[in-house]
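Visitor: Hi! Could you walk me through this structure?
Guide: Happy to, let's have a look together.

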Amino acid sequence: MTETALVTGASAGIGRELARQFARRGHDVVLVARREERLRELAREFEDTYGVVAHVVVQDLASREGREALFEETESRGIAVTYLVNNVGMGTQGSFLDIDTERELTQLELNVVTPTHLTKLYGPGLRARNGGVLNVASSAAFQPGPYMAVYFASKRVILFALASPENAK
Ligand SMILES: NC(=O)c1ccc[n+]([C@@H]2O[C@H](COP(=O)([O-])OP(=O)(O)OC[C@H]3O[C@@H](n4cnc5c(N)ncnc54)[C@H](OP(=O)(O)O)[C@@H]3O)[C@@H](O)[C@H]2O)c1
């Protein structure tokens with residue numbers, strides 16, 4: 001049976017390439033981000049090149065409602081997700097007190113709360129299908145980051161809080 005990988009932040013950068021790697025290996029994919037045209041173009045490319053099914057879900061993941069809407073959408077379309085790729089993230093830079101508070105809070109939401117919440121939502125299905133979670137952290141997780149303090153700390157959370165083997169059972 002074909003396995004399906006859901007990739008957050010699939011419209012650009014590392015997420016787009018990770019989605020391509022799953023498609024290249026014959027997995028169906030669910031491409032999630034906010035920019036619809038980019039996702040549709042990528043979905044066409046994957047379907048034409050690799051013969052897989054590429055689902056598009058346009059969703060802002062920086063809110064609880066957005067993440068629940070994504071889960072409800074994949075459930076209602078009957079998509080059985082096997083792999084959850086927690087890739088979406090952002091990085092603020094600058095002197096801590098000078099960084100816009102809303103951007104800082106959105107960063108924490110996207111980098112920490114979103115992967116945690118999506119793993120809660122999709123986890124039972126992944127376990128039932130003997131699937132898995134791929135968290136995109138960073139070398140930033142291993143050191144303090146001057147002028148990117150919150151970003152570096154957020155990557156530490158997703159590296160360790162969600163990745164220990166006991167949590168995978
Ligand atoms: N780039 C690096 O050097 C590097 C190094 C180590 C780790 N990382 C990590 O790798 C991951 C991806 O980084 P990247 O550099 O590839 O990022 P990127 O090029 O900025 O792409 C970010 C992706 O996330 C989506 N996105 C952003 N905000 C969103 C939101 N609110 N809701 C839904 N989707 C959203 C963007 O698409 P839309 O704008 O269409 O929504 C885009 O697809 C991040 O977790 C980052 O921390 C990056």
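Guide: Let's start at the ligand: one of its nitrogen atoms is 2.9 Å from an N or O atom in the side chain of Asp60. That is a polar contact, a pair of N or O atoms within 3.5 Å; within protein, one must be able to donate a hydrogen and the other to accept it, and residues adjacent in sequence count only if both atoms are side-chain atoms.

Visitor: Before we go on, what kind of model is this?
Guide: This is a predicted model, where local features need pLDDT of at least 70, side-chain atom pairs count only at pLDDT 80 or more, and totals for chains, interfaces and linings use all residues. Residues are numbered from 1 along each chain as its sequence is written, and side-chain values use heavy atoms, with hydrogens and water left out.

Visitor: Okay, back to the ligand. How far is the polar side-chain atom of Arg35 from an oxygen atom of the ligand?
Guide: That distance is 2.8 Å for Arg35. Ala12 uses its backbone instead, with an N or O atom 3.3 Å from a ligand oxygen.

Visitor: How much of the ligand's accessible area does the protein cover?
Guide: The protein covers 74% of the 890 Å² that the ligand has on its own. Such areas come from the Shrake-Rupley method with a 1.4 Å probe; for residues, only the protein chains shown count as cover.

Visitor: New topic: how many residues are in the largest nonpolar core?
Guide: There are 17, and Val29, Leu31, Leu39, Phe46 and Ala54 have the most contacts inside that core. The elements giving two or more residues to this core are β1, α1, β2, α2 and β3, and α2 gives the largest share, four residues. A nonpolar core is a set of buried Ala, Val, Leu, Ile, Met, Phe, Trp, Tyr and Cys residues joined through side-chain atoms within 4.5 Å. Buried means under 20% relative accessible area, exposed over 50%, and partly exposed in between (1.4 Å probe, protein chains only).

Visitor: What does Ala54 touch?
Guide: Leaving aside neighbours within four places in sequence, Ala54 is in contact (heavy atoms within 4.5 Å) with Val29, Leu31, Ala43, Phe46 and Glu47. There is also a second, separate core of 16 residues, which includes Val81, Leu84, Leu118 and Leu121.

Visitor: What about Asn130, buried or exposed?
Guide: Asn130 is exposed, with a relative accessible area of 68%. This residue sits in the loop between α4 and β5, and its phi is near 55 degrees, a positive value in a residue other than glycine.

Visitor: Last one: where is the confidence lowest?
Guide: In helix α5, at a mean pLDDT of 92, while β2 is highest at 99. The pLDDT is the predictor's confidence in each residue, from 0 to 100, and its mean for the chain is 94.
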